[in-house]
Amino acid sequence: MRLYDAHNHLQDSRLAPFANEIQQVLSGEPIARMVVNGTSEADWPAVNELARQDERVIPSFGYHPWLVNHRSRNWKESLAQFLDSTPSGVGEIGLDRWIKGHDSETQERMFVEQLRLAASRNLPASIHCLRAWGRLLEILRAEPRPACGFLLHSFGGPRELIPALVDLGAYFSLPGYFAHERKYRQREAFRRVPPERLLIETDAPDQGLPPEWAAYSLGDPANDQPLNHPGNLGAVYDFAAELLDEDRERLAERVEGNFLRLFGGIGRCA
């Protein structure tokens, strides 16, 4: 059985104190590939280095909507250089109207510019969206999109939008965080995701599973808050299999096919 993490942040500085432990765990898990997403110019080099060191890592470079006001004057040229020099995806990009003090205008402009980069190179885009689903749908309908598709990471939008998003090329990744009891609406939405568009993610070091589901645990030494261990990918598969009432091995085979359709042709996906 091969497992695929559609979205994590292995480069996150909060994981650095545990790097050796994490690598030991990941070496013992049946993880075939994992998409490691950059969030700004500050961490793109670290993502690139992880991909150089570990053949399981698919790098993805993009500006997270929370960080758009940290951009340099030449951010777009820098992003294009990373995309052109390393087989990669585009992400994490998107829209977020939940974060306090959000700059919707800058978010939208940078999202569109990055989506166009993904479309022009036919690279899969990993998209973050919170409280902006209507506007996201409008942009996706109006702008070029990568022919190979795009990922809605930790999809938390209305289930009624799923058919329209599927028609535009969307895949949907389920995080273990949705195993928390209060995430009933999100779980119900994933029951509506077409089987051929489902992916699994950890979003490590964020979006941890409930303690009863997690196989591994970490604590942030800065504030003693729990961190999501990237080795919990198998536990997220367990949660997904239970949620969808599906055999785990059959689910893993299907997710593998879905993952390879979207990310398996990085640098040549078509």
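Which residues is Phe 178 in contact with, leaving aside its neighbours within four places in sequence? I shall answer that after a word on the model.

This is a predicted model, in which local features need pLDDT of at least 70 and side-chain atom pairs count only at pLDDT 80 or more, while totals for chains, interfaces and linings use all residues. Residues are numbered from 1 along each chain as its sequence is written, and side-chain values use heavy atoms, with hydrogens and water left out.

Now to Phe 178. Contact here means heavy atoms within 4.5 Å. With neighbours within four places in sequence left aside, Phe 178 is in contact with Ser 154, Phe 155, Lys 183, Gln 186, Arg 187, Phe 190, Gln 207 and Phe 239. Phe 178 lies in the loop between β7 and α7; helices (H or I, at least four residues) and strands (E, at least two) are DSSP runs, numbered from the N terminus. Phe 178 has a relative accessible area of 3% and is therefore buried. Buried means under 20% relative accessible area, exposed over 50%, and partly exposed in between, with a 1.4 Å probe and protein chains only. Between the C-alpha atoms of Phe 178 and Val 236, which are 58 residues apart along the chain, the separation is 9.5 Å.

Val 236 brings us to helix α8. Nine of the eleven residues of α8 are buried, so this helix is largely enclosed by the rest of the structure. Among the buried ones are Val 236, Tyr 237 and Phe 239. The buried residues of α8 pack against β1, β2, β7 (170-175), α7 (184-190), β8 and α9 (248-263). Just after α8, Asp 245 takes a positive phi of about 55°.

Let us turn to the sheet. Eight strands form an open sheet with parallel pairing, in the order β1-β2-β3-β4-β5-β6-β7-β8. Its edge strands, β1 (3-8) and β8 (198-201), each pair on one side only. Two strands pair if DSSP finds at least two bridges between them. Four bridges join β1 to β2, and Tyr 4 has Arg 33 in β2 as its bridge partner. Further along, five bridges join β4 (residues 89-96) to β5 (residues 125-130), where Val 90 stands opposite Ala 125.

Beyond four places in sequence, its contacts include Ala 6, Ile 58, Phe 259 and Phe 263.

In soluble globular proteins, nonpolar side chains tend to be buried together. A nonpolar core is a set of buried Ala, Val, Leu, Ile, Met, Phe, Trp, Tyr and Cys residues joined through side-chain atoms within 4.5 Å. The largest one here has 84 residues, and Leu 152, Phe 172 and Phe 263 have the most contacts inside it. Helix α8 (residues 233-243) gives the most to this core, with eight residues. Not counting residues up to four places away in sequence, Phe 263 touches, among others, Val 35, Pro 124, Leu 151 and Leu 199.
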